[in-house]
Amino acid sequence: MRTLLTTALIAISAVLSAQTEEIRGTAINRIGGNAPIEGATVHVTNNVDERIVTTDEAGQFTVSNLPAGTWRITISAADFDSYEASLTLPAGATLNLGNVFMFPESDVSAMDEGMGEFESEGDDFQGGGLALLGGQDVFTSISNARFSQMRFRARGYDFNLNRTFLNGLLMNDINTGGSPFSLWGGLNDVTRNQDRSRGMQPTSFGVGGVAGTSNLSTNASRIRRGFQINYTASGGAWAHRLGVAWANPIRPNWYLAVMGSVRYTPADNPLAWDLGTYGQGASYFVALEHRISPGQSLSFTFLGAPNMRGAFAPPTQEVIDLVQNPFYNANIGWQAGQIRNARVRNSHEPVAMLEYSNRINHRLRIQAATSFRFGRSGFTSLDWFNAPDPRPDHHRNLPSWFTDFGTFNPIQGENAREGWLTDRNIRYINWDGMHNVNFNNWDRVENVTIGGVQGQTIEGLRSKYVVDNRRADQRELNTGFTVNALITNNVRLTGGLTYRWNRTHYFKEMVDLLGGDFWIDLNQFAQRIGGEGDEGYEGGVAVDAGDRAQIDLNNPNRVIREGDIFGYNYFSFTQRGTAWAVANITLGRSMEAYVGADVGFTSFYREGLFRHGLFPENSYGKSNTYSFLSYTLQAGLNYQIGRPHLISANVFYSQQPPLFRDAFLSPRTRNTTVDNLVPERIFSADIIYSFRMPGARFRVGAFYTEIHDRSRVTSFFDDVQRTMSNFALSGISQRHAGVEFGAEVHVWNGISLRGALAYGDYIYTSNPLLTQTDNNNDRTVLENERVYWSGFMVSGTPQLAANIGIEYRARRGWWAGLDLNYYDFSFISMNPRRRMDDVSRNLTPEQYANMVRQEKFSPGFVLNANVGRWWSLSNRRYQLGVMFSMSNILNNQSMVSGGFEQSRLWHDSGNDTFRPFQSRYTYMSGTSFFLNVFFRF
Amino acid sequence: MKQISKISIFAIIAVTLTACFQYDEPPRQEPVVINPDHVITIAELQGLFRSQGTQPLTIRDSVVLPSGRVVRDSIYISGQVVSSDRDGNIFREMFIQDETGGLRIRVGRSNLYNFYRLGQHVYIRVDGLTIGNNNGTLELGLRSENFTTGFIDVAWLINRHVLPGRQDTLVKPKTFTLQELNSSTFLADSNLVGTLVKIENVRFSHTTAGTGARPFGQLSTWANPFPADGGAPQSVNQNFVAGNDTIIIRTSGHARFARDLVPRCAVNIVGVLTVFGGNSQIFIRDLNDVTPVGIYTITIAAPTGGTIRVMDGNDEVQSGDKRMGCTILTLIATPNEGYRFVQWWDGNTELERTGILISNITVSATFVEIPETP
């Protein structure tokens, strides 16, 4: 069931009577002729104590014997959207809610997981999931449901600012801060119990986060009982998805929930716009809960979501124009007639968790949880050794190479174009060709290491082209302990301790020798440089560099077969501990304030398992350990003015350590860290006004956030210099400010109008420093040089997103809706190199403007519609539902949902000028369909 | 429970699904074979060029050969690959030869050795290409305004014009004297330019500059990848002599072996012959093309007052043993008790030294007694 979290205090249109505090009301079906709802579950909690009652035939309920204070009430019934409200119970009063209007459910199941990632070569950036912002107030529910097609991020934040908990344990990736949704992808039916904080406000398991916090509970007793089967077909992320879930008590006080799902997208999915993003996955879930005594339970959960998915490579505008298709995917080609994608994400990361919770008395509750996460995660990639670059959209293969770079030769440009248009093996990866190169490369190599023994000789087919898998396998122990206490009737105190220990193994694994027998592990780019005396020389000189070419001096010239580790091999070890406390204070009848703080320590280090030939003293073994202090302070207020109005104001300040990923210059080769490793600081404040009455809700808010001293390390393959290169940026500052508006009004007889608007101004406010290193030598290319991008825009989301929609919910269980969305102020992700002094020399004013300008994507309208029907059969024993939605009905193919400037620059040695390469774009899909069918009993 | 078994069925389906997305190995590409009706010899193609003068000639759809034979619609030459860019001495070009002659083909792709291996038969479709004389060496490429011919550097054109045939054993070069190779009449008569040749028993003499390279002193490396002024790698001409004749061995500054020392001993050299500005030049493919000849005798004169050991790697050399030229020897002098080492026969005073064997040699050392302290 989808939960609508409302934050209004309901008026006490009540009879003050007696001494016992109680809450009563009547649940009414607003659409079904205001009929009462029998058998609805009423759940009341103050985070320490809880009561559950059921409505009778008249839809009425009473909850008695409650101490005064602030309580949250949830009324839920099958096929209705849940109703939630927050109430203050003064001493000696009865709170009569009167008629509580409930609306039939519209099942928007299966959020589009894994919406595709940016293709930044060498960058493990994971962009999946949504940045959730607080509870399901009207703005958030509309923006989450509608804006994901353009990868909207609420308030412009990166994913690492949203905190996602599982049973009270923070599950965000400790190395990247990224959201952990992919760990339970496909398990939607059992992951619906999400508790979301109200924006930045804290929750019962920690202080808040700037982008909101959500806690997913997988306690078996809270999962919807019965059996459900759910099938989805879509042109989006997964072509087919089938899930089956079952939950029920199996014995008195023992609850079990299990779920399995499979997901599949075929290689030539006719409904998909992106060719070759095939995949498959299967997810599993088991939860067992034992109620030891009332209020005390022990829960065990085990879940996993193994899956693999081919990725999309955003093309440049030249390629889009050449093939007349914005969805051209450079990662694919044909092998023996079958589509094969070179870049396949693959992972299987199960989580096992144990949780204990105990409501000791009505004033004290404790909870403890521990989880262990393990498994594997990686993405495949093509690799080659002393052979031409096989990527089809390499700049030398394109017509522009002959017209825009070097010698001007338009005839050759035409020939290149002709080849692209007529030969599939030029336009895409030539898998058959690469295999044949390997088939023909018989070689005999001496002085190799096989199985740890040096000085051997090997002969056979030596692969020139291979597919490898770049893995980051995590093992993490995560524990937390929480205490929830009612100090007085007006003061609730929560606090706890957390500890995480993580070891991530980063390495490259040989997956497919593409017809060859072996590979020798060497740094082909180091082979091409000289030793001493090569200062100032750029590019490659074919000089045998001996030891410098070794990837691992401990195993020189290692022979690699499928399954072996090569290329790079290191661990990251991270530990993080925090202590936190939050006090919620009720002040009078209409105000609630809170204050929260946490203090933590983080430490990490790298341990290299290869002794790299270029950095023999600094790559093998442990690096220094880097430790940081972190803390968060927050405070806020919720003020109820009169019946339906609520004002909420919050401030937040936090100092967070840099991530492991952003601390090491080039962790694949050495232990060197970025200079000036400092923690990142965030300040945020917001104020929100919301209004709710039967049939209408409205929310408007403004926020202001400053981020300072961010560090970021990105790597890319510089095919001009022929090496992996690393940018380490430090001192990044950003400012995010904006307004959010959402409203929904029931107009007449089941017809509602709704709208939302997010308008923000997210900019960079500092000129950070850049240090650039290349992996094929030990020089520093640039050291702490200034990047002038203050005033430029933060990328990754449209800064203006607006929605207006109309929806009709009929009495008989069907509904239909139509939405129009508008997006604007979306900007390209910048290459810091373009805004530096050294690359702007000798440029004409026009060329200079072209170099530094940040591209803004065109705005546009997108029209979506959905329709659905649900049936309740055999006296509500069975439910069957169908939902169909169509997005981008007008087939607008000009909306860019993301793009980035390429990281390397072309140097024209004739004029001694630099020029940027063309940027790469991901377009929003054209018209897409989504069909969902569910069956429950 | 029924429900649990339903979940197990799921697990089985899921596992079998992971078996999808296996890829079949693609077929081995069949070597191209062209109907001999469309194939002409390299000498015939070169003849077509020479008969029309000195300007580059673009081959049309049909040719009439001197023998009267007409070939039309698609015209090929066929030869075996005799060059390799693996070690970087040549770049973006390829030499092929048949029984009648050899030709440089300007294929504008790097790492060509992955696609056209030494000894492999290759068909070049010549109609549409241009043949020209680049300072004495004939070459085949695209029509170009600024150069003799241009690179064939677009994948589509390479696929069309350069066709891989069957693999074969390496071409065996014939041996020529330096006089022959320096004689333009001889080269013209035998159509040797662009083919693989062998010279025997030559010895390094001196270095002459490539384009702007500075000559080295006594010791020379094959090329100059790191010029003193920090500029681009320089190609260098090394001069080898036999008797009174000299020939140039030219090496690119980009070669993998550019920083290896040129051997001082007598060697045989195999390489591709070109002519530039009236001078014959040979390009070796890698250092295996340079093989020492000459077997020399090592005589060890037993000294008084000490011992001498001559080591070839880990093996000890006895007096009267023979070794190949260019073998690296280690000489160790150990004075007896009460003696000290003075010098080797050639004046060197290091107790342990290495050297390269370049001729017959007699190794001796002088030791003197240490006078008693009074």
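Helices (H or I, at least four residues) and strands (E, at least two) are DSSP runs, numbered from the N terminus.

Next, the cores. I took a nonpolar core as buried Ala, Val, Leu, Ile, Met, Phe, Trp, Tyr and Cys residues joined through side-chain atoms within 4.5 Å. The largest has 38 residues; B:Leu45, B:Ile77, B:Met94, B:Leu103, B:Ile124 and B:Leu140 touch the most other members. Helix 3 (400–403) of chain A is one of the elements giving two or more residues. Helix 2 of chain B gives the most, four residues. Apart from this core I found another, of 27 residues, B:Ile249 and B:Val290 among them.

Last, confidence. Chain B averages a pLDDT (the predictor's confidence in each residue, from 0 to 100) of 87. Residues 211–218 of chain B fall below 50, yet the stretch has 13 contacts (heavy atoms within 4.5 Å) beyond near neighbours in sequence. Where pLDDT is low, the predicted coordinates should not be read in detail.

Bookkeeping: residues are numbered from 1 along each chain as its sequence is written, and chains are lettered from A in the order written. Local features need pLDDT of at least 70, side-chain atom pairs count only at pLDDT 80 or more, and side-chain values use heavy atoms.

Terms used:
Buried < 20%, exposed > 50% of the residue type's maximum accessible area, 1.4 Å probe, protein only.
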